[in-house]
Amino acid sequence: MSRTLSTARRLTAYAAVLLLAAAAPAAVDPPAAGAAADPVAVTVNARAGLATVPDTALGVNHAIWDQHLGSTETSDLLRAVGVQMLRYPGGSYADIYHWRTHTAPGGYVAPNTDFDTFMAATRRVGAQPMIIANYGTGTPAEAAEWVRYANVTKGYGAKWWTVGNENYGNGHYGSAWEADDHPDKSATQYARLVVEYADAMKAVDPSIKVGAVLTMPANWPDGLTAGADPGPWNQTVLSLAGPKIDFVDVHWYPGGSAAESLARTAHLPDAAWLLRQQIARYAGPDPGRIGISFTELNVGAGQNTQPGALFLADAYSGLLEQGVFTVQWWNVHNGIGTVSEVAGQTDYGDFGMLSSGGCTADGSVCEPPFNTPFAPYHGLAMMNLFARAGDQLVRAGTDEPTVTAHAARRPDGSLAVLLLNKDPDAAHPVAIDYAGFTPADEAPTVHTLANGASGVATGRSGSAIARTLPPYSLTTLVLRPAGAADGRPGAPGRPTAGAVTDRTATLSWPPATPGGAPIAKYEVYRQQGAVSEQLGETAGTSLTVGNLDPGTRHTVNVLARDTAGRVSWSSPPLTFATGSPAASTCAVRFAKDTDWGNGYVATIEVVNTGPSALDGWTLTWTWPTGWQQVSSGWSANWSQVGTEVRVTSTPDNRRLTAGGGSTSAGFVGAYSGPNVLPGAFRLNGTVCTTR
């Protein structure tokens, strides 16, 4: 297509391509050349409910250096793929941007990018705005006046406001890219001023939500403490500003090669768990009210090609499953970078999901015409086809690392299954097993995004239980249920856990609303990967469950069954952790002494609290993830096989006297993902009390 095409002709031509793609059958059933011999086992478990998709789920970033931010063409393209939230004024520019004068000293501000233009574009898209108040060079008063202009003067109803962008990048930890004019650049000062911003902004409009910037667990500067701060950035900010904020804002750029970035989406459940643990521990009363937004992410390599599309769909799905209320791609338009070839396609190193139409400095390579969609745009289109506001995401899993699966149950009873083949070279046949859902005996609707495709192809083909996924592809199946779903009970409310010990917990939940028949009982299930294990059932709304593993995370759901045998949707999930025994013949104290973001030094104290002396001891634990390890240790013999750590005594410390004899040992730990500490330790096979 010529680069001289008019905007209208380009948009019309692209729409025609989309229509042709939508009309084409999704030919993904026959075995493909180079396909793996054995099918990948995919499990979709509708009993294992996860989060419900919010109406702010699918987001992208706009930036004030993009003169087409408010154009009709750009807005219509974003509307076409279901964008629900737009962030402004653009990353680190937010900390130099002054909204009233529409200036950003030290940065470029394009024409036609002022706040009113952004809001007009947001309304045309049908999205909600997320606005970044200037922390680096602004004031609480300036932010409050922006709220007044937006919501009192103009009546925009802008609900979501974040204080600053990546303010930990202000030099406090060494690296400095974020503007910050405050003499005190500590996490403590940021938190104190977040309180001032929140108070000033909510004095104007109490209905707004104010967010503070946190770091992604296991990403710099997570774990680092600088200056006089009482702890790392997240701990400090939450401890001081937690009672005043409504959400926390996190960015994630996993880095590495395309394969490494695509594999690191496996970190997301543990990262979300750690963030919530930090919020619960440090943010003060009612920490459950604090939401989580991921407002910047992008793949490490292949930003414009299929790795970008695969990463977007996998990361958006994984984060939404964990209850994140919005995920936002960086960004709409960005500009050409380092040009390369990825899986047979030209990648322009452009972090935008729409082409900027520019060329390299020497003019040797040019991007396709302006606003031509790149692969992540099509990945977002796939997300819009897969998970819609009000859908309940449910657990799905596979037995092959390069094939991942996600699923969503819809209010009409249908089920959508998203399958990603991250293998750039081989097709993978899959065999799909369903629990808690029976698909109709008909060809499902199939949406496919193949490597290098100009859009998502849609058709009806094959069966619900077997399919072949092309190399580097995204496939969504939409399945109708067998039989009518009318009359089923409503889902029970989210359970809570009380009286949690090392082995038991009492679960309680709000009752379900009956459907066509009275409710007969409630069934309680624990998620084990993509499989559910029934823990018990009751006619009431409370159940004490036992035989739980100590020091372990447990995710449970409750389903209602009526007297006619109809089963409700799953309740929202509850994840809780069991503790250690209140009384044992041993005790362990695990303490991190220093942490530098991907490693730390720890000390372990072992105490014999039993009535008999120990002459030789072995301490064992299991790492919660596969990316944690003991690098080296001292004052004991250290070994690790898989995720199992074994520490044995030396001649100098083998004897522990009865009733409190103790010894200490230390190690250097390493981690390449969220560092979830072990919750249970065993001394000579006995589970110890963790102090």
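Colleague: Hi! How many residues lie between S13 and S14 in their hairpin?
Modeller: Hello! This is a predicted model, and in it five residues sit between S13 and S14 in the hairpin.

Colleague: Nice. How many bridges join S13 to S14?
Modeller: Seven bridges join S13 to strand S14, residues 415-421, and the two strands run antiparallel. To find a spot on the structure, look at His-406, which stands opposite Leu-418 in S14.

Colleague: Is S13 buried or exposed, then?
Modeller: Buried! Seven of the seven residues of strand S13, residues 403-409, are buried, so the strand is largely enclosed by the rest of the structure.

Colleague: Which residues are on each side of S13?
Modeller: On one side you'll find Val-403, Ala-405, Ala-407 and Arg-409. On the other are Thr-404, His-406 and Ala-408. All of these are buried, and both faces of S13 are covered.

Colleague: Let me pick another residue. Where is Thr-475?
Modeller: Thr-475 belongs to strand S19, which spans residues 473-479.

Colleague: And why does Thr-475 count as buried?
Modeller: Its relative accessible area is 0%, and buried means under 20%, so Thr-475 qualifies.

Colleague: What is Thr-475 in contact with?
Modeller: If we leave aside neighbours within four places in sequence, the contacts of Thr-475 are Met-382, Val-417, Leu-418, Leu-419, Val-446, His-447, Thr-448, Arg-467 and Leu-469.

Colleague: Good link! Now helices. At what angle do H5 and H6 pack?
Modeller: Helix H5 (residues 187-204) and helix H6 (residues 233-241) pack at about 30°, and their axes are 8 Å apart. Angles under 35 degrees count as roughly parallel, so that is how H5 and H6 are described. Their crossing is right-handed.

Colleague: Which residues make that contact between H5 and H6?
Modeller: H5 brings Ala-187, Thr-188, Tyr-190, Ala-191, Val-194 and Val-195. H6 brings Trp-233, Thr-236, Val-237, Leu-240 and Ala-241. By type, the residues in this contact of H5 with H6 are nine nonpolar, two polar and no charged.

Colleague: How do H6 and H8 cross?
Modeller: The axes of H6 and helix H8, residues 268-282, come within 9 Å and cross at roughly 40°. H6 and H8 are therefore oblique to each other. H6 passes H8 in a right-handed crossing.

Colleague: And what does the contact of H6 with H8 consist of?
Modeller: From H6 there are Asn-234, Gln-235, Leu-238 and Ser-239, and from H8 there are Leu-275, Gln-278, Ile-279 and Tyr-282. The residues of this contact of H6 with H8 divide into four nonpolar, four polar and no charged.

Colleague: Last topic, sheets. In what order do the five strands of the open sheet come?
Modeller: The order is S31-S35-S28-S27-S38, with mixed pairing. At the edges are strand S31 (628-634) and strand S38 (689-690), each pairing on one side only.

Colleague: In which sense do S27 and S38 pair?
Modeller: Strand S27, residues 586-595, pairs with S38 in the parallel sense over two bridges. If you want a place to look, Ala-587 stands opposite Thr-689 in S38.

Conventions: Residues are numbered from 1 along each chain as its sequence is written. This is a predicted model: local features need pLDDT of at least 70, side-chain atom pairs count only at pLDDT 80 or more; totals for chains, interfaces and linings use all residues. Side-chain values use heavy atoms; hydrogens and water are left out. Two strands pair if DSSP finds at least two bridges between them. Helices (H or I, at least four residues) and strands (E, at least two) are DSSP runs, numbered from the N terminus. Buried means under 20% relative accessible area, exposed over 50%, partly exposed in between (1.4 Å probe, protein chains only). Axes are lines fitted to C-alpha atoms, for helices over the stretch in contact, and angles run from 0 to 180 degrees between N-to-C directions. Angles under 35 degrees count as roughly parallel, over 145 as roughly antiparallel, 65 to 115 as roughly perpendicular and the rest as oblique. A crossing is left-handed if the near helix is turned anticlockwise from the far one by less than a right angle, and right-handed if clockwise. Contact means heavy atoms within 4.5 Å. Ala, Val, Leu, Ile, Met, Phe, Trp, Tyr, Cys and Pro count as nonpolar, Asp, Glu, Lys and Arg as charged, and the others, Gly among them, as polar.
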